[in-house]
Amino acid sequence: MKKIVIASVVGSIAFLNGANFNEEAEKDRKALIAYFEKKFADKKNAALYFPYTPKEELENNFRWGIKWEEFRLGSYAFNKTGRAQYEEMNEFPPYEDNIEAGKELYEKTKFKSGKSFKDCFPDPAIAGDYPKYIKGKGVVTLGGAINNCLVENGEKPWNMNKGKMADLQAYFAATSREKGKKINIVIDSKEAAEAYARGKKAYYSQRGYLKLSCATCHVQGAGQRVRNEYMSPLLGHVTHFPVYRLKWEALGTLERRVKGCNKDQGETPHKPGSQWMNELAYFMAYMSNGLPVDGPDIRK
Amino acid sequence: MKKIVLAAVAFGVTLGSANLLEEAVKLDVKKVCDVKTNGLEKVIGVAEKFNPEAIKLGVEFKRLGIRNREYIKYTKEAIKKKQKEAVIKYKEKGKEKSQTFPTDYAAWRACTFAIRALQQVKEAEETWRLAVPGDGFKF
Amino acid sequence: MKKFFLAAVVVAVAATASMANEDLVKKGRKIFMTKKLGNCLACHDVNGDKVDGPGSLGPKLQFLSAWPEQALYDKIYDPYTTNPLSAMPPFGKNGVLSDEEIKAVVAYLKTIN
C-alpha cells in the first residue's frame, strides 16, 4: 500500500513538472493554430492577410474555412488547382517503391554487431515521436536516431538527406500513418524546453542576404506566392515527411528540405545532424503536435 | 597551472569572438565596403577579417551557389594578380563551376556579405519576437 | 544662325541624355525581371508592363513615376527602416545590388504609372 501511495505521489509530481516544461510550447502551438484558422477562415479578412493577392485569385483559386487537421496538406489545403493536381498524382503515388525499399531495409539489414533495425526500433510506427530530446545527447531527429543505431552497431552513418535514409523513414512514416499515429513531441525537462526555445528563435530570426526568417514565408507569408509558388504554412509542415518532391524527382527528408530553404534565404545551409538543424526540427514538429502523421507524401 | 592557462586562453578566445561581432555591428557597411574610397586591398581585408566569424556562427551568406568564403578567396587572387575581373570558382551538386565579376564588384560584395551576416545576428535578436503569433505578432 | 546652332546643341544633348536614360531603363528592367539579378518579379507585379508570373508577396507597383528618385533608391537599398519585419530584402545594404544597379532599377521604376 505504502509503495502505491509513494508511486502515485512521485507520479503526480513528475506529471505536474512535465506539464510545466511544455507550457511555452503549448501556448505557441495554440496561438499558431488560432492565427492560421483566422487567416484562412474567410476572404473577408483578405485585406489584412493577403494584401497583395489579386481579387480574382482569392475568389477563384482559394478554399476557405480551413480547420486544424486540414493544414497537414500544406498549400493544397487552400490552393484549389494545386489540390486537384496533387490528388491526381496520389492515385499513383511515386513513393510506393520507397516504402517497399524501406521495409526491406528494416527487415533484412544485418549489422556487424549481429543486431538489426528491429532491435533499435522494435515498433516501426514511431515517425510521429521524433524529434526527441534525449538526456546527454540533446535533440535527436528520426534521421539522427537511425544513424545512432547504425553507428552503435558498427556501421557507417547514412547520408541524412536522401537514399536509404529517406526510404527507411518512408517505411516508418507509412506504418505510423496506417496505425493512425499522431505527431507526439514531448518536452519534459528544463533542457528540452531550452532546446525548444532555441529552435523557436532560429525559426523566427531573419537570415541570409535576403534577410528572410522561416516565418517570413511560412507564417506571415503563408498563402501568398513567390512567382507562381504558394508558400505553405508552418502548421502541418513536418507531418508529410519524408517528401517526394517533384522538383527533386526523388524522396527527401526534412533535413534536405530545410537545407534548400537556407539556400533560398541566402545563407550557407546548416548541416543535417547539427544542433541548429535538430532544434529547429524540434520546434517545427511541436507546432504540429496532435496532427496525423501523413508521410510520405508528394509536394511540388 | 596548465589548466588555468588553458582556461584563460579559452576565455580570451570567446571574448575575441564577441569582439568581432560587436565590432562588425558598429560599422557603416556602405562606407567601409566602398572600393573607390578605401581601395581593393582594404575592402577585401575587411571581408577576410569578419567572414570566419560568420562561418563560426552559422550565418555565412551564400548566393547562387557561391559562399562568401569563395568570393573572398578568388577575389583576393584577382587583386594580387591585378586582374580587372575575378573568376569565382565553386561547386554545385558535385560539379565545378565558375562565375566572373568585375574585381571591385566582387570585393564590395564579399565585404558587405561578411559584415551584414554578423550585423543581422544582432538585428534578429531585437526583432524576432515581433513575428511570433501569441507574442509580438498580433493578428 | 547662332540661336539655331545653340538649339541644335541643346536638342543633341537632350537626345543623348534620353538615349542614355533609355539604356539605363532597359538595364533596370532586366534586373527587375531576371531571377539571378534583382528578381523583383518574385514578389511584384507592375502596372502597365508585362510581367511573367509575378508573385503576391508584395504590392503591384504603380504611380512610382511620382516618387522622388531618392525615395525609390532608399526603399530598394533598405526597406527595413520603415518595417522591421518586411518581406522585402535590403538589396543595397546586403550586397545584392550595387549602387549602379539600384540606380538602373530606379530609372525603370520611374517609368511606372
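Predicted model: local features only at pLDDT ≥ 70, side-chain atom pairs only at ≥ 80, totals over all residues.

Biologist: Which residues of helix 8 of chain A are buried?

Modeller: Helices (H or I, at least four residues) and strands (E, at least two) are DSSP runs, numbered from the N terminus. A residue is buried if 20 or more other C-beta atoms, placed from the backbone, lie within 10 Å of its own, exposed if 12 or fewer, and partly exposed in between. Eight of the 11 residues of helix 8 of chain A are buried, so this helix is largely enclosed by the rest of the structure. The buried residues are Leu142(A), Gly143(A), Gly144(A), Ala145(A), Ile146(A), Asn147(A), Cys149(A) and Leu150(A).

Biologist: What covers the buried residues of helix 8 of chain A, and which residues of helix 9 of chain A make the contact with helix 8?

Modeller: The cover includes helix 7 (117-120), strand 2 (138-140), helix 9, helix 12 (254-265) and helix 13 (275-287) of chain A. Two residues are in contact if their C-beta atoms, placed from the backbone, lie within 7 Å. Helix 8 contributes Leu142(A), Gly143(A) and Ile146(A), and the partners in helix 9 are Met165(A), Leu168(A), Gln169(A) and Phe172(A).

Biologist: At what angle do helix 8 and helix 9 of chain A pack?

Modeller: Axes are lines fitted to C-alpha atoms, for helices over the stretch in contact, and angles run from 0 to 180 degrees between N-to-C directions. Angles under 35 degrees count as roughly parallel, over 145 as roughly antiparallel, 65 to 115 as roughly perpendicular and the rest as oblique. Helix 8 of chain A is therefore roughly perpendicular to helix 9 of chain A. The axes of helix 8 (residues 142-152) and helix 9 (residues 164-178) of chain A are 11 Å apart, and the angle is about 110 degrees.

Biologist: Is Trp158(A) buried, exposed or partly exposed?

Modeller: Trp158(A) lies in the loop between helix 8 and helix 9 of chain A. Leaving aside neighbours within four places in sequence, Trp158(A) is in contact with Ile146(A), Asn147(A), Leu150(A), Gly163(A), Lys164(A) and Met165(A). The C-alpha atoms of Trp158(A) and Ile146(A), 12 residues apart along the chain, are separated by 8.4 Å. With 18 other C-beta atoms within 10 Å, Trp158(A) is partly exposed.

Biologist: Which strands of chain A stand at the edges of the open sheet of three strands?

Modeller: Two strands pair if DSSP finds at least two bridges between them. The sheet has the order 6-5-7, with mixed pairing, and three bridges join strand 5 (residues 243-245) of chain A to strand 6 of chain A in the antiparallel sense. Each edge strand has a single partner strand, so one side of each is left without a neighbour in the sheet: these are strand 6 (250-252) and strand 7 (297-299) of chain A.

Biologist: In chain B, which residue takes a positive phi in the hairpin of strand 3 and strand 4?

Modeller: Strand 3 (residues 85-92) and strand 4 (residues 95-102) of chain B pair in the antiparallel sense over eight bridges. Within this pairing, Ile88(B) has Gln99(B) as its bridge partner in strand 4. The hairpin has two residues between the strands, and the positive phi, near 50 degrees, belongs to Lys93(B).

Biologist: At what angle do the axes of helix 5 and helix 6 of chain B cross?

Modeller: Chain B has six helices and four strands. The axes of helix 5 (residues 68-80) and helix 6 (residues 103-127) of chain B come within 9 Å. The crossing angle is roughly 145 degrees.

Biologist: Which helix of chain A gives the most to the side of chain A that touches chain B?

Modeller: In this interface, 24 residues of chain A are in contact with 18 residues of chain B. Helix 2 (23-39) and helix 10 (190-204) of chain A each supply at least two residues of the side of chain A. With six residues, the helix that gives the most is helix 2 of chain A.

Note on methods. Residues numbered from 1 in each chain as written. Chains lettered and ligands numbered in written order.
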